[in-house]
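I opened my notebook to see what this chain would show me. Here is what I looked up, entry by entry.

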Amino acid sequence: MSQPRIIIVGAGFGGLAAAKALKNTPAEILLIDRTNHHLFQPLLYQVATSVLTPGQIATPIRGVLRNQKNTTVIMGK
């Protein structure tokens, strides 16, 4: 019997939380998002005022999930 495939559309807070929660399951997880980064928008104004750098509020999705062997991240709609 083949392992189940779980497809998560969107890597916002819900999508990332779902992918992380499925880390130890015997399933193949496919995460699809339009961009290759996760952006914490509530702090965007602090980047505009030079209090924070863009790297402090935007994180690569593959970097967040790099230790999950059962997860594949692709860009798409």
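**Entry 1: serine 50.** I began with serine 50, which counts as exposed at 63% relative accessibility. For this label, buried means under 20% relative accessible area, exposed means over 50%, and partly exposed lies in between, with a 1.4 Å probe and protein chains only. I found serine 50 in the loop between H2 and strand E4 (58–60). Its phi is near 65°, a positive value in a residue other than glycine.

**Ground rules.** I noted that this is a predicted model, where local features need pLDDT of at least 70 and side-chain atom pairs count only at pLDDT 80 or more, while totals for chains, interfaces and linings use all residues. Residues are numbered from 1 along each chain as its sequence is written, and side-chain values use heavy atoms, with hydrogens and water left out.

**Entry 2: the whole chain.** I listed three helices and five strands. Helices (H or I, at least four residues) and strands (E, at least two) are DSSP runs, numbered from the N terminus. Along the sequence I read the pattern β-α-β-β-α-β-α-β. The C-alpha trace spans about 55 × 25 × 15 Å along its principal axes. Of the 77 residues, 27% count as buried.

**Entry 3: the sheet.** Which order do the strands of the open sheet take? I wrote down E1-E2-E5, three strands with parallel pairing. Two strands pair if DSSP finds at least two bridges between them. Strand E1 (5–9) and strand E5 (71–75) are the edge strands, each pairing on one side only. I also looked at the link from strand E2 (residues 28–33) to E5: five bridges join these parallel strands. One detail I liked is that aspartate 33 has methionine 75 in E5 as its bridge partner.

Entry 4: Which residues of H1 are buried? I found Gly15, Leu16 and Ala19. Seen down the axis of H1, these buried residues fall within an arc of 95°, so they line one face of the helix; the arc is that of the directions from the helix axis to the C-beta atoms. The face turned away from the buried side carries the exposed residues Phe13, Gly14 and Ala21. What covers the buried residues of H1 includes E1, E2, E3 and helix H3 (61–64).

Next I checked the largest nonpolar core, which has nine residues: Ile8, Ala11, Leu16, Ala19, Ile29, Leu31, Ile61, Leu65 and Val73. Such a core is a set of buried Ala, Val, Leu, Ile, Met, Phe, Trp, Tyr and Cys residues joined through side-chain atoms within 4.5 Å. H1 and E2 are the elements that give two or more residues to this core. Leaving aside its neighbours within four places in sequence, alanine 19 is in contact (heavy atoms within 4.5 Å) with Ile8, Ile29, Leu65 and Gln68.

**Entry 5: two rings.** I counted one aromatic pair. Rings of Phe, Tyr and Trp (its six-membered ring) pair if their centres lie within 6.5 Å; planes under 30 degrees apart count as stacked, over 60 as edge-to-face and the rest as tilted. Phenylalanine 13 and phenylalanine 40 are edge-to-face, at 5.8 Å centre to centre and 85° between the planes. Phenylalanine 13 is exposed, with a relative accessible area of 55%, and phenylalanine 40 is partly exposed at 32% relative accessibility.
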